[in-house]
Amino acid sequence: MDEPNVLIVDGANVVGSVPDGWWRDRRGAAERLRDRLALRDEGEEIVLVLEGAARGVASVPGVRVDEAPGSGDDRIVELAAAFAERGGCGGCVVVTADRELRERVRAYGARCVGPRTVRPEAAP
């Protein structure tokens, strides 16, 4: 069975990586990130995890929005665990700069990359 090719994006962490006023309109910032992700053409399944005030953003072709019922980090770990269970998480990449979250998803075999991967203007 082929390994899944999934990109799980920590919406709060990626949006918060650039001080561009995102805190004034969290949902709008999440929509802009979703739209930027939808432009990727790399053949991967993209899951954008949102929490809190960013909820209410619809999925679009190429990007599935997953609204965390509580902690976004906990939901990302659940998704990584589910992908690992269905065939190995070797093709699962989590986009976040959160060190603790990185450790948690690596336990399921996920690889991690920073926000700059999907948001070039983001801080390192």
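**A close look at the sheet and its helices**

Guide: Let's start with β1 and β4, which run parallel and are joined by 4 bridges. Strands pair if DSSP finds at least two bridges between them; helices (H or I, at least four residues) and strands (E, at least two) are DSSP runs numbered from the N terminus. The model is predicted, so local features need pLDDT of at least 70 and side-chain atom pairs count only at pLDDT 80 or more, while totals for chains, interfaces and linings use all residues. Residues are numbered from 1 along each chain as its sequence is written, and side-chain values use heavy atoms, leaving out hydrogens and water.

Now step back to the whole sheet. The 5 strands form an open sheet in the order β3-β2-β1-β4-β5, with parallel pairing. β3 and β5 (111-113) are the edge strands, each pairing on one side only. From one strand to the next, the twist averages 25°.

Next come the helices. α2 packs on the sheet, touching β1, β2 and β3, and its direction makes about 170° with that of β2. Helix α4 (residues 99-106) lies across β1, β4 and β5, at about 155° to β5. Contact here means heavy atoms within 4.5 Å; axes are lines fitted to C-alpha atoms, for helices over the stretch in contact, and angles run from 0 to 180 degrees between N-to-C directions.

In α2, the buried residues are Gly28, Ala29, Ala30, Leu33, Arg34 and Leu37. Buried means under 20% relative accessible area, exposed over 50%, and partly exposed in between (1.4 Å probe, protein chains only). Their cover includes β1, α1, β2 and β3 (64-67).

Leu7 stands opposite Val93 in β4. Leaving aside residues up to four places away in sequence, Leu7 touches Arg40, Glu44, Glu45, Ile46, Val47, Val93, Val95 and Val118.

Leu7 also brings us to the largest nonpolar core, of 19 residues, where Leu7, Val9, Leu33, Leu37, Leu48 and Leu50 touch the most other members. Such a core is a set of buried Ala, Val, Leu, Ile, Met, Phe, Trp, Tyr and Cys residues joined through side-chain atoms within 4.5 Å. Two or more residues come from each of β1 (6-10), α1, α2, β2 (45-50) and β4 (92-95), and α2 gives the most, with 4. Apart from this core lies another, of 16 residues, including Ala68, Val77, Phe83 and Ala110.
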